Amino acid sequence: MVSALLELEGLRVSVPYEGGLRRVVHRVDLSVAAGESVGLVGESGAGKSMTARTVVRLLPPGATVEGSVRFDGREVLAMSPSELRAHRAADAAMIFQDPRAHTNPLRTVGDYLTEGMRLNQRLPKRASQERACDLLGAVGVGSPRARLSQYPHELSSGLLQRVMIAAALSAEPRLLLADEPTTALDVTTQAEVVAILSDLRERLGLAMLFITHDLDLAAAICDRTAVMYAGSIVEVQGSGELHDHARHPYTEGLVAARPSVDTTLRRLPVIPGRPTAAFEAPPGCAFAPRCRHALAHCTAERPVLAPLGRAMVACLRAAELHPQQPADDEETDRG
Amino acid sequence: MSGVDLSPVEAGPIAKSPTWSRLRRRLGPLGLAALAAIGGLWLVALLAPVLPVADPTDVDLTSTFAPPSAGHPLGADSNGRDILARLVWGARTALLGPLVVTVVATAVGVLLAVVAAWRGGWFDSVISRVFDLLFGFPGILLALVVAAVVGAGFGAAVAALSVAFIPYIGRVTRAGALQQLRLPYVAALRVLGQSPTAICARHLVPNLGAIIVAQAALTFGYALVDLAALSYLGLGVDQATPDWGGIVAAGQADILSGYPQQSLYAGALIVLAVAAFSIVAERLAGRAHAWRRLW
């Protein structure tokens, strides 16, 4: 990586819960280079969203964050309120899972798109409307002029998500935080939105942190993919390699558990047990209780992310399970 | 569900129901009548100087308790003053006072409530306790205290009630604001880099508009009654200035003499105005669904 645009180091996040604090992100080290797209994959509750939200410090009240979040060398966690506002307005934009909940239902699409430009970039009304039309055109919304006077409830979720993407792009950010932007959409719309997103990203040279629980989707649009389990990143690899040469037992399980149109299976392989949240993770490796390779020392010692070939893996037995001749791929799970 | 047209539709101009027709639907016939009554009262109050009525302060002891006639359409009071003129001019103080109270209480109440809801923590606790304290303290009592300290008068009464009604607006607004602030769209606006002031002023308060307007209309009715009561107690406007509350008080002595007209007329106007404002407020807040079917 040349110079990272976004660097997360030793990130730990705890949120208040029933009088105490609950850790939801245990240890995250991740970097996103300028123009790079990084996928963040994991199950619900793995801490993906929290990780992305710390980049713009959008955390529940009372949450504590340790570690460091650097954007272009500046520490986000140390920003003053006005610096933070400027950072949110200009540097990083976020696209949310549910566009309907994340728009003010009483304001028109035009209001939503132009407000930021008028407040943050001091654009005059006419110019901001022109730009809003251009942006809507860029995200593939037909008859943009008419859309401006429509309300969110008059638009389908797919259209509204495009409006959200347009709003995110309006400030010309350098980093896009996409928090499961397609999960709430049906499959065809999903494909369109993903296509628009990756196309725009490449044209504008944007970096992106793309959160999803769809490994294939991450592989399709991300340069690298990071896999999270119980609040920690367990593996980071180039998306293509991750698919074929998963190094962490959890990733192997995920890869094996995907349905595929090429193979006929009576039953999909599953990872035994249930997903663990960061706060209830055992002292050693969080995945150890579900891991078929786990040994005694796995439950005692917590693995850290370490290089293994071209991958970064947090597994005590990684080197042992994957001797560095990437010829044999026979380690995959057969359920 | 057969015959549903699934072909794509080009986004055309959207037929929006104009504000007035939406308002009319919301108010219903009774609400419209109430709105008309409010409008009528305001019109009378504003036009009092040009309306063909007598001077409300003209004392004419020869026409004491005069029955309705061409000169005195509603008769005259114990001092021979024209009752109609006094009611017309009384509308001015009766409506102006509550207006000031409502505007001040709404402005201060909404501001405090929104800041409290946004900031939370100790600021919210302090504001909420102050609201509770004021809420539990009758406005009339506060006005009595103020009158005792700075002296009775219209200004003192209006000022005291303005403070007393802040929690009526503030509590409802705060509750609504807390609810809105939890909604994801507020988080999305923050991520777009909008300042708290912009989010509150441009999104939060407009979205709470319906309940604020409804609560303000209700406050207007309460304030009208309280101001009338203060006038009745002799703590509002001075005796010479016509005011509905004062007229009720002045006519009280005459009821036993067989002349209840002026108290009745003024009392009826108070009831009319308060009922009209309450109905409009209720309709605006959308709290009268069951009722509206009947009317």
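How many helices and strands does the secondary structure of chain B come to? The answer is twelve helices and zero strands, where helices (H or I, at least four residues) and strands (E, at least two) are DSSP runs numbered from the N terminus. Before going on, a word on the model: it is predicted, so local features need pLDDT of at least 70 and side-chain atom pairs count only at pLDDT 80 or more, while totals for chains, interfaces and linings use all residues. Residues are numbered from 1 along each chain as its sequence is written, and chains are lettered from A and ligands numbered from 1 in the order in which they are written.

A residue is buried if 20 or more other C-beta atoms lie within 10 Å of its own, exposed if 12 or fewer, and partly exposed in between, with C-beta atoms placed from the backbone.

| Chain | C-alpha box along the principal axes | Buried residues |
|---|---|---|
| Chain A | roughly 65 × 50 × 40 Å | 46% of 335 residues |
| Chain B | roughly 80 × 55 × 35 Å | 40% of 295 residues |

Two residues are in contact if their C-beta atoms, placed from the backbone, lie within 7 Å. Take the contacts with a separation of 6 or more: residues 24 or more positions apart account for 64% of them in chain A and for 69% in chain B.

Now for where the chains meet. Chain A brings 28 residues to the contact and chain B brings 22 residues. On the chain A side, the elements giving two or more residues are α2 (81–90), α3 (109–120) and α5 (144–147). α2(A) gives the most, with five residues. That side of chain A divides into 13 nonpolar, nine polar and six charged residues. Here Ala, Val, Leu, Ile, Met, Phe, Trp, Tyr, Cys and Pro count as nonpolar, Asp, Glu, Lys and Arg as charged, and the others, Gly among them, as polar.

Two loop residues of chain A have a positive phi without being glycine. R57(A) has a phi near 50 degrees and sits between α1 (48–55) and β4 (64–71); with 18 C-beta neighbours inside 10 Å, R57(A) counts as partly exposed. For R122(A), phi is about 55 degrees, and its loop runs between α3 and α4 (125–138) of chain A. R122(A) is exposed, with 8 other C-beta atoms within 10 Å.

Back in chain B, how do helices α2 (residues 83–119) and α5 (residues 154–164) pack? Their angle is about 35 degrees and their axes are 8 Å apart; axes are lines fitted to C-alpha atoms, for helices over the stretch in contact, and angles run from 0 to 180 degrees between N-to-C directions. Among the residues that meet are G97(B) and V101(B) in α2(B), and F154(B) and L161(B) in α5(B). The residues of this contact divide into seven nonpolar, three polar and no charged.

Helix α6 (residues 166–181) of chain B has 16 residues and reaches 21 Å from first C-alpha to last, close to the 22 Å expected at 1.5 Å a residue, where the expected span is 1.5 Å times one less than the number of residues. Its buried residues include I166(B), Y168(B) and R174(B). The buried residues of α6(B) pack against several helices of chain B, including α2, α5 and α9 (209–232).
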